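Reader: I'm new to this one. Can you walk me through it?
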Amino acid sequence: MHPTPTPRRRLVDDLIPVILDCGNWWSNDYLRLALVSQAWSWHAQKRLYAFPQLYSYRACALLARTLVSNPFLASLVQALDLRPVAGDRTFMFCDTTSIRLLLSSVSVKRLVLREELSIRAERFLPSLGDPHCLEDLTIDGFSYACHGSSTAFCSRKSASLVWDSKLSCQFSNLRRLRLSYVELSILHCDAPGTLRLTHLSLNKVTIVNGNLPNLSSTSWDDLRHLDIVARDDADLQPHLPLLLRSCSSSLEELRVHAWGTNCEGLIFDSAAMSFPSLVEMRLTGIDTNRRTLSNIEQCCPKLERLCIFGRAVRVTPREWIAFLDSGALPTLRGFRPPCDGRHICQLWTDEDRKRVLDVCLMRAIEPVYC
C-alpha cells in the first residue's frame, strides 16, 4: 500500500503583498509572478504599472496602446517618468503623438519629463487626462547624450517651459514643482489662479521672461520648502529677494546654492525679513559675515539645522565660537561647521575645529552632513 501523499499547503493570498514589499523586484520578476495566479497577477500588475519609466518613443507608443485598450491597467498608473531619446538608428521615430495619447489615457499624481520632452515642455502638459490629479511635476532638461560619444543632439534646443495662468488654473492641485536645466518664461496674467505650491526646486534654471513670484498668481503662503541652485548670482539677484518676501511666513526649509561671487545682502539685508517657521537653512556660496549671523539669530527664532559653507563665508572660527557660546538660536539642534566644506575661504586648524565642536557638544548640537 502506497502512503497517502501529503496535500500541498496553499499560500494565503493575503501574504502576497507582504512578500512583494519585502524584496527588491525587477520588472521581469513581476511579469513572471503575474502568471502564477489571478491574485498574484493583480498585485504584480499593481506594482508593475504604478510608475513606468520609459526611455524610447517606441516604449511610449506600446504602453499607450496597452493602456488605451485596457482601462483597468491605466487606472493602476500613479506616476510617469518619460525620457525618450531618438538615437542614431531611430532618428526618424520621434512622433510625439504617442506621448500625448499616453498622457491622455492616465490620471497621474506625479509626472517627470526629461530629455527631448523637456524642450517646450508646455506642449505636453495640456494632454494629461485629469490635470487636477497632478501633485508633483518635474521638468529635467539635463541631457546625457550631449556628454557622450554621440553628437546627434549636442546642438539640440535648450529645455524650456512657458508658464502662464492657464497652466496655473489647470494644475490646481500641484504642490511640488521641480525644474532643472530649464529656460523658464513666466507670463503674468491678471486672471486669478489656484496654484498653491508647497515645494519648489530650481536647479540651474534661467528665467528668460517674467518674475519668479508671478509663478503663482495667488499666494505663496503654502510654500514650505525652497531649494535653489543658481548658475550664477545674476540669476538670483532679481528674483530670490522678491520670492522670499512672498513666502517668508510659511517657509520651513531654505536651501540656496549660488555659484557667483556677488551675493552680499541676497537673503539678509538692512531690512531683513522674518522667517518665523524656518527650521532648516543650508547656504552655499552666499556672502556670510558676523552681521549675517546676527540677522539669522534675529529672523529665524525656530531654526533647528544650520549649514553655511563656501568661499564667501567670512566668519572666523573665533566668531563662530562666540556666536554659538552666546546661546544664539536656542532651538538649534544640528550644525555643520564651514571647515567641513570642500571650498572654504580660510583654513581651520584642528584646534579651531575642536573648540567649535566642544561648544556644540555643550549645547547638545549634533553635527549634520549636507
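Author: A term to begin with: Ala, Val, Leu, Ile, Met, Phe, Trp, Tyr, Cys and Pro count as nonpolar, Asp, Glu, Lys and Arg as charged, and the others, Gly among them, as polar. The model is predicted; local features need pLDDT of at least 70, side-chain atom pairs count only at pLDDT 80 or more, and totals for chains, interfaces and linings use all residues. Residues are numbered from 1 along each chain as its sequence is written, and side-chain values use heavy atoms, leaving out hydrogens and water.

Reader: How do the residues of the lining of the second largest pocket divide?
Author: Into 10 nonpolar, 3 polar and 1 charged.

Reader: Which residues lie nearest its centre?
Author: Ser 27, Leu 48, Tyr 49, Phe 51 and Pro 52, out of 14 lining residues. Helix 2 (27-33), helix 3 (38-48) and strand 1 (53-54) each give two or more residues to that lining. The largest share, 4 residues, is from helix 2.

Reader: What counts as a pocket, a lining residue, a helix or a strand?
Author: On a 1 Å grid over the protein atoms alone, a pocket is an open set of points where a 1.4 Å probe fits, with protein on both sides within 12 Å along at least five of seven lines; lining residues have an atom within 4 Å of a point. Helices (H or I, at least four residues) and strands (E, at least two) are DSSP runs, numbered from the N terminus.

Reader: New topic. Is Gln 170 buried or exposed?
Author: Buried, with a relative accessible area of 15%. Buried means under 20% (1.4 Å probe, protein chains only). Gln 170 is in helix 7 (residues 165-170).

Reader: What does Gln 170 touch?
Author: Leu 125, Pro 126, Pro 131 and His 132, leaving aside residues up to four places away in sequence. Contact means heavy atoms within 4.5 Å.

Definitions and conventions
Buried means under 20% relative accessible area, exposed over 50%, partly exposed in between (1.4 Å probe, protein chains only).
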